[in-house]
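Open the model in your viewer and keep the selection tool ready. Each stop below says what to pick and what is there.

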Amino acid sequence: MGEFCIRGSRQFDVDSGNGTFRVFVYRPASRLPANGFPVIYGLDGNAHFSSLITSMKAHSVRPELTGLGPAVVVGIGYPIEDDHDLDRRTFDYSPDADPSWLGERPDGLPWPEVGGAEAFLSFLEDRIKPEIAASESIDPERQSLFGHSFGGLCTLYAALTRPQAFRHFLVSSPSIWYAEKRMLSFIDGFAERLSTVQDRRDLFLSIGSLEQTVPPFLDERWPAYAHWIRRNNMVGNIRALHQTLAQMSLPLLDLKFHEFEGEHHGSVPPVSINMAMKIALKPVRSGRVP
């Protein structure tokens, strides 16, 4: 049997110097907007590319009613058959950190190499975005970045350190626990970095309500994993992050947070994408003050 292909999509491979990435691109068949299509970049593209397209189409099918038009969708993935390359994504999506901060993994295996987020985001900015701008008719003022789990960690890192890179930062279940909450150190200087952008930025934080709930049987069957879930404190960490950022009262940041009731870490991406899409596709508001 032949492989399934999403109509309107293409893919190509790019060598970054730190490994090969597979880039998936979807172009809408709709009429081109005057300023070009918005573009949505999704990390873990092998896993989330099709969900991003499906959600985008659902929201943009009646733009005269919703005000949400179609977008180019770009998935950043790897040349593999599975949904995730666990070692590669751990490196590419994580900020630099002292290995002693990582803690023990529930499977007892050593950590793969970490600390590649800065190089990955530079690759995305300097290689992938120019390629997409050259081949697709996009609106450079309406670019979004979506990531889940370690992809959410990377998207949050991009928001805090490179707020000029995207208009909308769509963060699903970020691994804030990574390296003793190394991510929180990047809040220092965020207000100053944000003050250099010309227009508001959206930061959408989301989590599943069950992401730190330990099933009753897990303590007996896999106590190391039960401990891992409790230690990672996924829900508590993102609630605290949202509160910290909200208290900063940053006039150029449109901050949103949603906790999806009844969803766990594996089930939350589709509903998170669905809500994030409303932000990615909305007409932007100009101006440096609310």
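Select Tyr178. At 1% relative accessibility, Tyr178 counts as buried; buried means under 20% relative accessible area, exposed over 50%, and partly exposed in between, with a 1.4 Å probe and protein chains only. The model is a predicted one, in which local features need pLDDT of at least 70 and side-chain atom pairs count only at pLDDT 80 or more, while totals for chains, interfaces and linings use all residues. Residues are numbered from 1 along each chain as its sequence is written, and side-chain values use heavy atoms, with hydrogens and water left out.

Searching the whole structure gives 14 aromatic pairs. Rings of Phe, Tyr and Trp (its six-membered ring) pair if their centres lie within 6.5 Å; planes under 30 degrees apart count as stacked, over 60 as edge-to-face and the rest as tilted. The ring centres of Phe150 and Tyr178 are 5.8 Å apart and the planes stand at 75°, so this pair is edge-to-face. Phe150 belongs to helix α5 and Tyr178 to helix α6 (residues 178-181), so the pair ties together parts that are 28 residues apart in sequence. Helices (H or I, at least four residues) and strands (E, at least two) are DSSP runs, numbered from the N terminus.

Now take the sheet. Eight strands form an open sheet in the order β1-β2-β4-β3-β5-β6-β7-β8, with mixed pairing. Two strands pair if DSSP finds at least two bridges between them. β1 (9-15) and β8 (253-260) are at the edges with a single partner strand each, so one side of each lacks a neighbour in the sheet. From one strand to the next, the twist averages 15°. Axes here are lines fitted to C-alpha atoms, for helices over the stretch in contact, and angles run from 0 to 180 degrees between N-to-C directions.

Strand β7 (residues 201-208) and β8 run parallel, joined by eight bridges. Phe204 stands opposite Lys256 in β8.

Next, show helix α4 (residues 117-135). Helix α4 packs on the sheet, touching β1, β2 (20-26), β3 (37-43), β4 (72-77) and β5 (138-148), and its direction makes about 140° with that of β1. Contact means heavy atoms within 4.5 Å.

Then colour helix α5 (residues 150-161). This helix also packs on the sheet, touching β3, β5, β6 (168-172) and β7, with its direction at about 135° to that of β5. Twelve of the twelve residues of α5 are buried, so the rest of the structure largely encloses this helix. Among them are Gly151, Gly152 and Cys154.

Return to α4 and pick Ala117, which lies in this helix. Ala117 counts as buried, at 0% relative accessibility. Leaving out residues up to four places away in sequence, Ala117 touches Phe91, Asp92, Tyr93, Ser94, Pro95 and Tyr157.

Two loop residues come next. Asp44 is in the loop between β3 and α1 (45-60). Its phi is near 50°, a positive value in a residue other than glycine. Asp44 is buried, with a relative accessible area of 2%. Asn233 lies in the loop between α9 (223-232) and α10 (234-247). Asn233 has a positive phi of about 50° although it is not a glycine. This residue is partly exposed, at 27% relative accessible area.

Finish on cysteines. Cys154 is buried at 0% relative accessibility, whereas Cys5 is exposed at 55%. How many disulfides does a search of the whole structure find? It finds zero; a disulfide is a pair of cysteine sulfur atoms within 2.5 Å.
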